[in-house]
Amino acid sequence: MDKNTTKSVITEYLSPLNHNFLLAAIQSRGLDRYVKKLHTFVALQLFVFAQLMQTPSYASLSLLLNTNRKLQKTVGLSSISTAQLSSKWRDLDHSFLAYVFGHIAGQATKKFGSAKTTQKLRALHLVDASTITMCLSKYRWATYSKKKAGVRLHLRFIHSDAAFFPEKVVLTSGNVHERKYMGELVSADKEVLNIFDRGYVDYKKFDTYCNNGVRFVTRLRQSACMKVLEERAVASDANVGDATVLLGSDVSAYKMKNPLRLITCFDEKGEQVLICTNDFELSVEEIADIYRNRWQIEIFFKWIKQHLHVKHFYGTSRNAVYNQIYAALIAYCLVLLTRDELHYRGTLWELTKSIRMCWYENLIHFVKLLFRPPKQKSGGRQKSKAERLFKETQLQYESGECDHLDDLTYDPIA
């Protein structure tokens, strides 16, 4: 019970960054061989914390640490200068932050990745890329046009009934096309369905996926060349089409050998949408709904750009920029893992705001605040149940019946 009565919110939030596990990785890479003060694990915690709090600069982070004893106690560092932070983030190889992200994403996959979206699917794997634009004069190494610089975030995103989260990431400069990393990001797991947009259309790869049993759904351009092999039956009142087609032609660069399924439907604006898949078992409605779920990855890109700190960068080097993006992805996954640990049913944004406001608070007080009953009492069954469960929470914590949050015997929002 003692560890829960003394643990702070920020300690719980950072706890998936297992110290012993990451320390072994740091030592094997020799990252702290000549370091006297700002060790890698401390820097990692500081910069993930900076992402959570949307700290705007090295100077702001330095000031926050130097004036806040609770943060000093959490990371085990009493003071740091702006120059030391800048030097560490510039020199720390981004491959280590990529490794840490893989470690945290692995924990999320273990918890949520096996949840089924339908009876036939374990999860949807959404593949897409997003470009973060930057000032050309400051980031010459990331040039992708005459007037712009930028970093492209290539991502595989897991969408299941349990959670939505990034699982695999590749960072490049903005001039690298999405299709280059299809081989790394498209999952070969036959129990999942890969979803990607028109930027990933590659007939040769589609044939490879069909031969290997890799399922996918994508969207075609209106100008796509194809030969209709069969019109499939649909409901007479359905405003959709279903056909078996062969993509490519004798005069095109590549003609597919495997037939695909073409779903024709219409969006909210009344424009025709061509959805292509090698799954012939799911219904037309299921395929259309599955492709609409692709927007979850667009929402994720928007979420991290709005609620974390990736639109403006602390440093100008490649390592500094890549490290900051990886720290943002780690911060997102840590919020997701914290929500699961606390059995919280609200949105990630609501929990993120709560953690920001109460990061220094005692964890038990934070849990009580998070699940506090409504101020206005009611005789209704729903509010009475919430009040009863809240009292059960207090009794379990205060009596020592649970030594860890996972030991709670009820769902706080049931």
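Val-176 sits in the loop that joins β3 (164-173) to α9 (182-185). Helices (H or I, at least four residues) and strands (E, at least two) are DSSP runs, numbered from the N terminus. This is a predicted model, in which local features need pLDDT of at least 70, side-chain atom pairs count only at pLDDT 80 or more, and totals for chains, interfaces and linings use all residues. Residues are numbered from 1 along each chain as its sequence is written, and side-chain values use heavy atoms, with hydrogens and water left out.

Is Val-176 buried or exposed? Its relative accessibility is 14%, so Val-176 counts as buried; buried means under 20% relative accessible area, exposed over 50%, and partly exposed in between (1.4 Å probe, protein chains only). Leaving aside residues up to four places away in sequence, Val-176 touches Arg-152, His-154 and Tyr-181, where contact means heavy atoms within 4.5 Å.

## The chain as a whole

Let us step back to the overall picture. The protein chain has 16 helices and nine strands. Buried residues account for 51% of its 414 residues. Of the contacts between residues at least 6 apart in sequence, 61% join residues at least 24 apart.

The accessible surface of the protein chain is about 20200 Å², and carbon and sulfur atoms hold 49% of that area. Accessible areas come from the Shrake-Rupley method with a 1.4 Å probe; for residues, only the protein chains shown count as cover.

## Two nonpolar cores

A nonpolar core is a set of buried Ala, Val, Leu, Ile, Met, Phe, Trp, Tyr and Cys residues joined through side-chain atoms within 4.5 Å. Which residues touch the most other members of the largest nonpolar core? In this core of 105 residues, they are Tyr-13, Leu-17, Leu-46, Ile-330 and Tyr-332. Helix α13 supplies the largest share of the core, 16 residues. Another core, of 25 residues, lies apart from it and includes Tyr-181, Met-182, Tyr-200 and Tyr-209. Tyr-181 is also one of the residues that Val-176 touches.

Leu-17 shows what such a position looks like up close. Not counting residues up to four places away in sequence, Leu-17 touches Leu-22, Phe-41, Leu-44, Val-100, Ile-104, Ile-330 and Leu-334.

## Helix α8

Helix α8 (residues 94-112) has 19 residues and reaches 26 Å from its first C-alpha to its last, close to the 27 Å expected at 1.5 Å a residue. The expected span is 1.5 Å times one less than the number of residues in the helix. At its N-terminal end, α8 is capped by Asp-93, with a side-chain oxygen 2.8 Å from the backbone nitrogen of Ser-95.

The buried residues in α8 are Phe-96, Leu-97, Val-100, Phe-101, His-103, Ile-104, Ala-105, Ala-108 and Phe-112. Their cover includes α3 (19-29), α4, α7 (82-91), β3 and α13. Val-100 and Ile-104 of this helix are also among the contacts of Leu-17.

## Buried polar residues

Asp-242 lies in strand β7 (residues 241-247) and is buried, with a relative accessible area of 4%. What does its side chain meet? The side chain of Asp-242 makes a polar contact with the side chain of Arg-261 at 3.0 Å. A polar contact is a pair of N or O atoms within 3.5 Å; within protein, one must be able to donate a hydrogen and the other to accept it, and residues adjacent in sequence count only if both atoms are side-chain atoms. Beyond residues up to four places away in sequence, Asp-242 touches Glu-231, Arg-232, Val-234, Arg-261, Leu-262, Ile-263 and Val-284.

Ser-8 belongs to the loop between α1 (2-6) and α2 (9-14), and it is buried too, at 13% relative accessible area.

## Positive phi in two loops

Gln-54, in the loop between α4 (40-53) and α5 (58-67), has a phi near 55°, a positive value in a residue other than glycine. Gln-54 is partly exposed, with a relative accessible area of 30%.

His-343 is found in the loop between α13 (318-341) and α14 (348-358). Its phi is also positive, about 60°, although His-343 is not a glycine. At 24% relative accessibility, His-343 counts as partly exposed.
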